[in-house]
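This briefing describes the fold of one protein for a reader who is new to structural analysis. Please keep the sequence and the three-dimensional view at hand while reading.

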Amino acid sequence: MQRKAYVPGVAVLLAALLAGCTGSSSDDGATDDSKPGGSSSTAPAAQPGKYRTLPEACAAVDHGTLDSLLPGIKQIADEEQRETAYEGTATLTYDTDRRVGCRWKVESTNATDHLFVDFERVVSYDSVSDDSKASGLYAGKETAADLPEPSASASSESEESEESPDAGSSASPSDSASGSASPSSTSSASPSASATPTSLQPRTLDGLGDEAYLNDTLSSVGSTAQQRTVTVVFRTSNVIVTIEYDEQPAVTGEVPDSKEMQDRARNLAAKLADTLDG
């Protein structure tokens, strides 16, 4: 009689154990299916960029450089007003670790000059690195600038302009109007084409950051005034720097010198690149 009572008890215990094992196996399978992309399959984090902060934009340009770019500052007699002009005006930003900028605008007896400097730190939240995303954004800016294809003679003319300080004057308005060209034929040409030598045309730049380009445009303001705008954009690691420098002469018919303005803008760009690395 005892044997008959013992056997069913063992059977019940075995059945319970088997049911528990089956349920555990089912639970484990459900857990694995619910996390197909668990921590073990997560892709490695993208490489962060070199820069984690940005400089103060309005303090990034020293007084000597501003004197060169904005000659009217030194003509301001009132010391307090002159210091205010040096300080510039910071652009509105909500995150100074991601973007900062500053503007200066100064009038002189000869011209009105405007300078804008912008720093943008790129951070990628995708699988690509900060540098790769910054490079893509820079490429978009360069494409939008629509730089002309470099001509075969551009390099030789560039070398000549480096040797001769007067190379940029070969396309002055008086030279363009002299000779066989009539006033009507001169005015029909685009301002930038008639006033900017090939070696000073918009182009990519070497030796500035990881990649850089320069744009140079001449536009009409009103019926007679000419305004030249030189833009330099460069990328170093995950930071993109933009410089916009424009000048409008006070005398009607005068055209701002392309080489002089480009040299000033490129000099500033080199200093800003050093500021980032400093």
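In which loop is D146 found? D146 lies in the loop between α4 and α5 (154-163). The model is predicted: local features need pLDDT of at least 70, side-chain atom pairs count only at pLDDT 80 or more, and totals for chains, interfaces and linings use all residues. Residues are numbered from 1 along each chain as its sequence is written, and side-chain values use heavy atoms, with hydrogens and water left out.

**Overall composition**

- The protein has nine helices and seven strands; helices (H or I, at least four residues) and strands (E, at least two) are DSSP runs, numbered from the N terminus.
- Of the 278 residues of the protein, 34% count as buried; buried means under 20% relative accessible area, exposed over 50%, and partly exposed in between (1.4 Å probe, protein chains only).
- The protein exposes about 16300 Å², and carbon and sulfur atoms supply 50% of this area; accessible areas come from the Shrake-Rupley method with a 1.4 Å probe, and for residues only the protein chains shown count as cover.
- Among the contacts in the protein with a separation of 6 or more, 61% are between residues 24 or more positions apart; contact means heavy atoms within 4.5 Å.

**The sheet**

- Seven strands form an open sheet in the order β1-β2-β3-β7-β6-β5-β4, with antiparallel pairing; two strands pair if DSSP finds at least two bridges between them.
- At the edges stand β1 (89-90) and β4 (203-205), each with a single partner strand, so one side of each is left without a neighbour in the sheet.
- Helix α4 (residues 130-145) packs on the sheet and touches β3, β4, β5, β6 and β7. The direction of α4 makes about 30 degrees with that of β5; axes are lines fitted to C-alpha atoms, for helices over the stretch in contact, and angles run from 0 to 180 degrees between N-to-C directions.
- In a regular strand the side chains alternate between the two faces of the sheet.

**Strand β7 and its two partners**

- Strand β7 (residues 239-249) has nine of its 11 residues buried, so this strand is largely enclosed by the rest of the structure.
- On the β3 side, 11 bridges join strand β3 (residues 111-121) to β7, and the two run antiparallel. Within this pairing, D118 has T242 of β7 as its bridge partner.
- On the β6 side, nine bridges join strand β6 (residues 225-236) to β7, again in the antiparallel sense. Here V233 has T242 as its bridge partner in β7.

- Three bridges pair β4 and β5 in the antiparallel sense, and L205 stands opposite A212 in β5.

**Hairpins and positive phi angles**

- The hairpin of β4 and β5 has five residues between the strands, and G207 takes a positive phi near 75 degrees there.
- The hairpin of β5 and β6 has three residues between the strands, and G222 takes a positive phi near 75 degrees there.
- The hairpin of β6 and β7 has two residues between the strands.
- D146 counts as exposed, at 63% relative accessibility.

**The disulfide**

- How many disulfides does a search of the whole structure find? The search finds one; a disulfide is a pair of cysteine sulfur atoms within 2.5 Å.
- This disulfide joins C58 to C102, with an S to S distance of 2.0 Å. The link is right-handed, with 100 degrees about the S-S bond.
- The pair links distant parts of the chain, 44 residues apart: C58 is in the loop between α1 (2-34) and α2 (63-69), whereas C102 is in strand β2 (residues 99-107).
- C58 is buried, with a relative accessible area of 17%, and C102 is buried, at 0%.
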